[in-house]
Amino acid sequence: MEYLMDTYNRLPVSLVKGKGCWVWDDTGKAYLDLVAGIAVVNLGHCHPEVVRALKYQAGQLFHCSNLFCIPAQETLAELLVENSFSGKVFFCNSGAEANEGAIKLIRRACNANGKRGSTIITFKGSFHGRTLATVAATGQDKFKLGYDPIPEGFKSVAYGDIDALKEAIDQSVGAVMLEPIQGESGINAPPPGFLQQVRALCDAHGLIMALDEVQTGLCRTGRMFAYMHEGITPDIMTMAKALANGFPAGAIIARPEIASVFEPGSHASTFGGNPLAMAAGIATITTMRAKDMAGKSLSRGAHFSKRLNELKAVHPGIRDIRGKGLMIGVEFEPAVGFLAKTGLEKGLLLNVIKDHVLRLVPPLTISIKEIDMAVEILDAMLKEKGL
Ligand SMILES: *Cc1c(COP(=O)(O)O)cnc(C)c1O
């Protein structure tokens, strides 16, 4: 890697082709994909509807500045609103950008309101992206190392601890931002009812509740968005990863009265909402609805979890199995970072977080047969290592 900055610990494989839950490397070897680009390719690789939409749009118009009207943005925004809550949408290109935009929107709304400060409370173990503001929002010091000065205006409290949140709220605070399930730090769900308690606290104090559904969103947890499990509605929500099934796209949706603090010139993006991304996004959401991907995620996730619990019964190295739908974490007592590399040898794409948690986020189209195949390979891998 002579010409690339050394920012990634890459596995020694070059993937060149994908179809459904399978990918192939440059030697023709096949792998069952339990990573899906980290919860990105929710409909599976090269889904025909998304491929068709992209091919058609590529022959029409790649790019068009937001100086001009892009009707497909209105179509996708309407689809997102119909599938979440009443609000207005801003399109960007990634999760960090969506959160960065949400942070700007929160600050502008708080500053316009004037009754409270614009400090945002986030949570320990959270992950919100790699721009400076989203790194500041992220509740993990390792992502901030060496980047001083870190932007101000954030404080983080223990995830799932409603008393700690209560304690942290003062006049300087204007919003609370969180993931419904923490992805990057190990598939950590808060205690039942936590999101409802956060909602109630936000209502009581007049705070904006912002959900980062970049990883949990778009059917990953068995609902279109993870907040829907909890019977609440956020004021702002961000999404990205699976929004266009692998084509770069992100979005912020905000309740109309909050969205209205953005006016022409407040925020912008050159590529955000470009015709190619919108075509892929429309095809993705339409297919998710038509094929009930949320339902599939729920039922196949239940099967996967059941099978993993059978493994847990015979492998003492497994400490915990958790998650929702097809966002599953398998926590191990010993360090299991080696699993990703061993998986490659066995034809399985795996992702391990912090050396101890296997993060399973396969395409939501994975079949029961493919799940069983993955479990058998995992079982053999763990046996070999005496786990
Ligand atoms: C991946 C992720 C992000 C960052 O998304 P990028 O597209 O990599 O910028 C932000 N928040 C959460 C919860 C994520 O999982």
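Here is a short tour of the cysteines, one aspartate and the nonpolar cores.

Before you click: this is a predicted model, where local features need pLDDT of at least 70, side-chain atom pairs count only at pLDDT 80 or more, and totals for chains, interfaces and linings use all residues. Residues are numbered from 1 along each chain as its sequence is written, and side-chain values use heavy atoms, with hydrogens and water left out.

**Stop 1: the cysteines.** Select Cys64 and Cys69. The structure has zero disulfides (a disulfide is a pair of cysteine sulfur atoms within 2.5 Å). The sulfur of Cys69 has its closest cysteine sulfur in Cys64, 8.4 Å away, so that is too far for a bond. Cys64 is buried, at 14% relative accessibility, while Cys69 is exposed, at 73% (buried means under 20% relative accessible area, exposed over 50%, partly exposed in between, with a 1.4 Å probe and protein chains only).

**Stop 2: Asp235.** Now pick Asp235, which is buried at 3% relative accessibility. What does its side chain reach at 2.8 Å? Look for the backbone nitrogen of Met209.

**Stop 3: the cores.** Next, select Leu165, Leu178 and Phe304: they touch the most other members of the largest nonpolar core, which has 80 residues. Such a core is a set of buried Ala, Val, Leu, Ile, Met, Phe, Trp, Tyr and Cys residues joined through side-chain atoms within 4.5 Å. A second, separate core has 23 residues, including Ala98, Leu105, Ile120 and Val261. In soluble globular proteins, nonpolar side chains tend to be buried together.

Key: A polar contact is a pair of N or O atoms within 3.5 Å; within protein, one must be able to donate a hydrogen and the other to accept it, and residues adjacent in sequence count only if both atoms are side-chain atoms.
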